[in-house]
Amino acid sequence: MELEKISVIVPVYKVEKYLKRCVESIVQQTYQNIEIILVDDGSPDRCPEMCDEYARRDARIKVIHKSNGGLSDARNAGLNIASGDYISFVDSDDWIEEDFIEILYKNMKKENADISIIGYTLIWESGRKKRFTSDDEYYVFDKEDAVRELLKQQKFQCMVCQKMYRKSIFRSIQFPIGKIYEDVAIGLPTFLQAEKVVVDGKSKYNYFQRKDSIVNTKFDQRKLFFLECCQEIIDYSNSQNKKYDMEAHTFYLRALMMFTLQLYQIKEKNEETTIDYLEHEIRKCKKYIWKNSCLDLKKKIVLFLISIQFPRKILVELWSGGKR
């Protein structure tokens with residue numbers, strides 16, 4: 001029986017230094033029936049020529065050249081031409097282990113799942129590594145439990161690059177163009193399309209932490225889109241008779257803490273950028289969360305400490321202390 005085709009979508013922009021490592025890790029997959037879609041998002045360096053050269057070497061590689069529209073626009077362009085039965089995403093400064101696709105696919109078929117997830121490792125330019133999950137972890141969730149786990153952000157995170165999706169998941173879903181944290185925006189919608197989700201703890205995705213990446217750059221107002229995503233999650237919980245209330249507000253509290261820590265960093269560096277605006281948004285979030293009694297004692301303590309601007313290192317330790 002012929003193996004099903006899997007489409008791997010790779011947005012490419014200003015990654016000349018890292019692109020070879022990324023593409024070669026995909027080409028060398030043990031699961032061979034893949035199409036690799038390289039989306040040149042108007043990259044101003046040698047990336048467009050490199051993409052074309054890879055396509056000449058390997059018939060499985062397709063290249064899209066387009067004007068710059070951002071990460072979401074590039075992923076959507078890849079989705080529009082993907083011909084595979086399943087979809088995976090790899091960012092062009094990251095790389096995958098040789099059995100990344102094979103394990104995701106086998107787990108998908110074994111459990112008849114709609115989304116398959118695998119572990120990952122954060123790798124910094126200094127060489128420091130931080131691995132998430134362990135090899136012996138394996139979970140299968142129905143839709144309701146999968147949504148709960150998505151919001152808890154403990155067994156897996158929102159990032160699309162550690163996942164494989166049944167193509168039909170994206171029939172009516174696209175990434176929000178021009179927004180930061182696009183993975184968070186499509187997290188809940190994609191999981192609501194999945195009847196079953198499988199999670200494997202093996203670390204097979206290498207997530208490179210660049211200093212100049214969007215997530216690691218200093219605060220700007222576009223990052224507050226994360227709070228809009230949180231509100232959509234809470235609105236959904238409300239529409240389901242507050243079925244996910246605890247998880248939704250914990251997710252919101254985590255976002256509040258993230259922005260509070262960024263505010264600390266801005267103040268420590270004496271940066272003038274948007275401090276007043278950020279402080280206003282944080283106050284608004286605190287007020288909203290205080291009104292919700294569903295949070296447990298630990299989370300209320302964290303919220304109180306945020307309110308009095310407790311030292312940020314201790315806040316991080318307190319929040320992460322109960323996690324893996």
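**View 1. Helix H6 is mostly covered in this predicted model.** The helix spans residues 182–192. Nine of its 11 residues are buried. Glu-182, Asp-183, Val-184 and Ala-185 belong to the buried set. So do Ile-186, Gly-187 and Leu-188. Thr-190 and Phe-191 complete the buried list for H6. In general, an α-helix has 3.6 residues a turn, so residues three or four places apart point the same way.

**View 2. Strand E4 is buried on both sides.** This strand covers residues 86–89. Tyr-86 and Ser-88 point one way. Ile-87 and Phe-89 point the other way. All four of these residues are buried.

**View 3. E4 pairs with strands E1 and E9.** Strand E1, residues 6–12, pairs with E4 in the parallel sense. Four bridges link E1 and E4. Look for Val-8: its bridge partner in E4 is Ser-88. Strand E9, residues 163–166, runs antiparallel to E4. Three bridges join E9 and E4. Here Tyr-86 stands opposite Arg-166 of E9.

**View 4. Arg-60 sits in a loop and is buried.** The loop lies between helix H2 (47–57) and strand E3 (61–66). Is Arg-60 buried or exposed? Its relative accessible area is 17%. The cut-off for buried is under 20%, so Arg-60 counts as buried. A polar atom of the Arg-60 side chain lies 3.0 Å from the backbone oxygen of Gln-32. Arg-60 also touches Val-27, Ile-34, Glu-35 and Ile-36, leaving aside residues up to four places away in sequence.

**View 5. The structure holds one cavity of 30 Å³ or more.** The volume of the largest cavity is about 50 Å³. Its lining has 14 residues. Closest to the centre are Gly-119, Thr-133, Lys-155, Phe-156 and Gln-162. Which elements give two or more residues to this lining? They are strand E6 (115–124) and strand E10 (196–209). E6 gives the most, with four residues.

**View 6. The protein chain has 11 helices and 10 strands.** This view sets the close-ups in context. The chain has 324 residues, and 53% of them count as buried. Take the contacts in the chain with a separation of 6 or more: 77% of them join residues 24 or more positions apart. The accessible surface comes to about 15500 Å². Carbon and sulfur atoms account for 50% of that surface.

Conventions. Residues numbered from 1 in each chain as written. Predicted model: local features only at pLDDT ≥ 70, side-chain atom pairs only at ≥ 80, totals over all residues. Heavy atoms only, no water. Buried < 20%, exposed > 50% of the residue type's maximum accessible area, 1.4 Å probe, protein only. Polar contact = N/O pair within 3.5 Å; in protein donor to acceptor, adjacent residues only side chain to side chain. Contact = heavy atoms within 4.5 Å. Areas by Shrake-Rupley, 256 points an atom, 1.4 Å probe, with all protein chains shown as cover. Pairing = 2+ DSSP bridges. 1 Å grid on protein atoms, 1.4 Å probe; cavity = no way out; pocket = protein on both sides within 12 Å on 5 of 7 lines; lining within 4 Å. Points joined across faces, edges and corners; volume = space filled by probe spheres on them.
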